[in-house]
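Dear colleague,

I am passing on the structure we discussed, with the sequence and the coordinates placed just below. Please have it open while you read the notes that come after it.

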Amino acid sequence: MKNKQFKKIYHAAIYVRLSKEDGDVAGASKAESNSISNQRELIRDFLKDKKDIVVVSERVDDGYSGSSFERPSFKLMMEDIKKGVVDCVVVKDLSRFGREYIDSGRYIERLFPAMGVRFIAVNDHYDSLKGDDQGDEILVPFKNLINDAYCRDISVKIRSHLEVKRKNGEFIGAFAPYGYQKDGEDHHRLMVDTYAAGVVQDIFRMKLHGMSQDAIAGKLNRDGILSPMEYKNSMGINFRTVFRAKAASGWSPVAVRRILENEVYIGNLVQGRQSTPNHKVKKSIRKDKEDWVRVEKNHEPVVSERDFAVVQKLLGMDTRTAPDRESVYLLSGVAVCGDCGAPMVRKVSSVNGKRYCYYICSGHKAGGNCSPHRIPVQALEDAVFVLLKRQIGCVLDLERVLDYAGTVPLRNLDVRKLEERREKLSGEAERCRELRLMLYEDMKDGVITKEDYVELHAAYEARGKEAQEAAGKAEREIRAVLEGEEDKYRWISYFKEYKDIGELTRNVVVALISEVRVYDRENIEVVFDFADQYRQALEYLKGRECPGLEGMATGREAV
């Protein structure tokens, strides 16, 4: 009796893939041809008359790059292969299977044959069961190499495109920062979200008034203010973050600090902080700060640059909030020992039922060699308030003298010199242009040879370009002088804001005072912000022998 020949029945998995790059970068016709439905339809049409293949599953990776095999549906398919459920894989073409040359070859040429898996790429006319070994040894690796090169080329184009967008000040993030929203007409432009921006302003205001990040987060949660993530979700934005710890995520000190440190709120757009080494390595690495793309004054600010700068100073201070308080004391982080420079710490003691509050050198308190420098809290705060009022008065007097003397002549002198240089350079560039035109006429008339023309033309062109670039640089310097003059005395307005101050507050302390140095109860020195600018203005006025400078402070006041 003759043995019957049984044809093996293969249990196939249809695998289809479409990456974001295929849809975004390729033309419309190619995007359509690569669509999930078209891939599925093409494969099923191919298999409909294949009696030896039975489809048992379909695996779809929609939106996953072919440069990596870390795809969910691909992994499920491999699990089915390991379990013996699937022993045949069918794809539209090799590029749908993967675009990574080495790993694609490892699967097709080594793993699948070792596991007894038949592999079919329809459009590439490749079937591992029927393939020509000699031809496939060349064809399949070559096509995988082409697909890998295509993936690398697409990655380079996308990276370059995104870098140009960053440098142009276009926002390319998936979600707008809290306090902003994407413009409905231009998703690369940030617009202020009025409600959330108000919360951001409140956070900065609370920090300026002495509240810690923890206290700010607690107040926001008690007031029922939605955290950034919950707020985005309430607006219908499917926002997720690795920082989420609970079903309903509230405000945390970390979230508050992240807002306080973000330059986006003063109108600066900083992007490109992280990147991947190449299209094959997906792990993000943090780039050096100098490699970030920063575009200043890119969009409408939410807080002023001055408030932002003061908050950064506060974040750098080593201050602690008392357990029974939400905010720090008036001089926390500002008052230091005049001898050793250690922070002065606030202490409370009771004697015969009477409560005494005073500052003491923390270096002495910790067992150091410094003396206590003990001073009552009220005495120190009163002395600082007196010196502050005096400095504000001096700044107002300085402004009046500056208005009288005028700063225009000095500015005009600098601008005039730059304008003379710019005109001279522009004239040189124009002369070189005219000489190039004359050279052509000389060559036509036979005065110079063609070789001389080429050589002289290149020389004049290079000289003219150099002069034009130098003229442009002079023009930029002129603008810098004019713009810088406008901001040169802006710091005066910070003092003017508190000209009618009636009491010492945490806000004015951090806004105007750099340091309060305590030597003893009778010897206190206050170093004010912008002390250097103040002294420079005084020196300028003294050089012009302006009246009314007698008795003016020097930017440091002492009692």
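The notes below take up a helix, a group of strands and then the aromatic rings.

Please keep in mind throughout that this is a predicted model.

I begin with helix H3, which covers residues 36-47 and, with its 12 residues, reaches 17 Å from its first C-alpha to its last, close to the 16 Å expected at 1.5 Å a residue. Its buried residues include Ile36, Gln39, Ile43 and Leu47, and when one looks down the axis of H3 the buried residues fall within an arc of 70 degrees, so they line one face of the helix.

On one side of the pairing pattern, E1 and E3 run in the parallel sense over 3 bridges, with Cys88 in E3 as the bridge partner of Ala12. E3 is also joined to strand E4 (residues 118-121) by 4 bridges, and these two strands likewise run parallel; here Val90 has Ile120 in E4 as its bridge partner, and Val91 stands opposite Ala121.

E4 is covered on both faces, with Arg118 and Ile120 buried on one side and Phe119 and Ala121 buried on the other. The pairing of E4 with strand E5 (residues 126-127) is antiparallel, over 2 bridges, and Ala121 stands opposite Tyr126 in E5. In the hairpin that E4 and E5 form, 4 residues lie between the strands, and His125 takes a positive phi near 55 degrees.

Turning to the aromatic rings, how many aromatic pairs does the model hold? With ring centres required to lie within 6.5 Å, the count comes to 23 aromatic pairs. One of them joins Tyr178 and Tyr231, whose ring centres are 5.8 Å apart and whose planes stand at 85 degrees, so the pair is edge-to-face. Tyr178 lies in the loop between helix H7 (133-167) and strand E6 (180-182), whereas Tyr231 lies in helix H10 (residues 228-234), so the pair ties together parts that are 53 residues apart in sequence.

Trp491 and Tyr534 form another edge-to-face pair, at 6.2 Å centre to centre and with 70 degrees between the planes. Trp491 lies in helix H17 (residues 491-496) and Tyr534 in helix H19 (residues 531-543), so this pair ties together parts that are 43 residues apart in sequence. Trp491 is buried, with a relative accessible area of 4%, and Tyr534 is buried as well, with a value of 1%.

Rings also gather into a cluster, which is made up of Tyr15, Phe69, Phe74, Phe97, Tyr107, Phe112, Phe119 and Tyr126. Finally, charged side chains sit over rings in two places that I noted: the charged end of Lys50 is over the ring of Phe46, 4.1 Å from its centre, and Arg374 lies over the face of Tyr358, at 4.6 Å from the ring centre.

Note on methods
Residues numbered from 1 in each chain as written. Predicted model: local features only at pLDDT ≥ 70, side-chain atom pairs only at ≥ 80, totals over all residues. Heavy atoms only, no water. Expected span 1.5 Å × (residues − 1). Buried < 20%, exposed > 50% of the residue type's maximum accessible area, 1.4 Å probe, protein only. Arc of directions from axis to C-beta. Pairing = 2+ DSSP bridges. Phe/Tyr/Trp six-rings, centres within 6.5 Å; stacked < 30°, edge-to-face > 60°. Lys NZ or Arg CZ within 6 Å of the ring centre and 35° of its normal.
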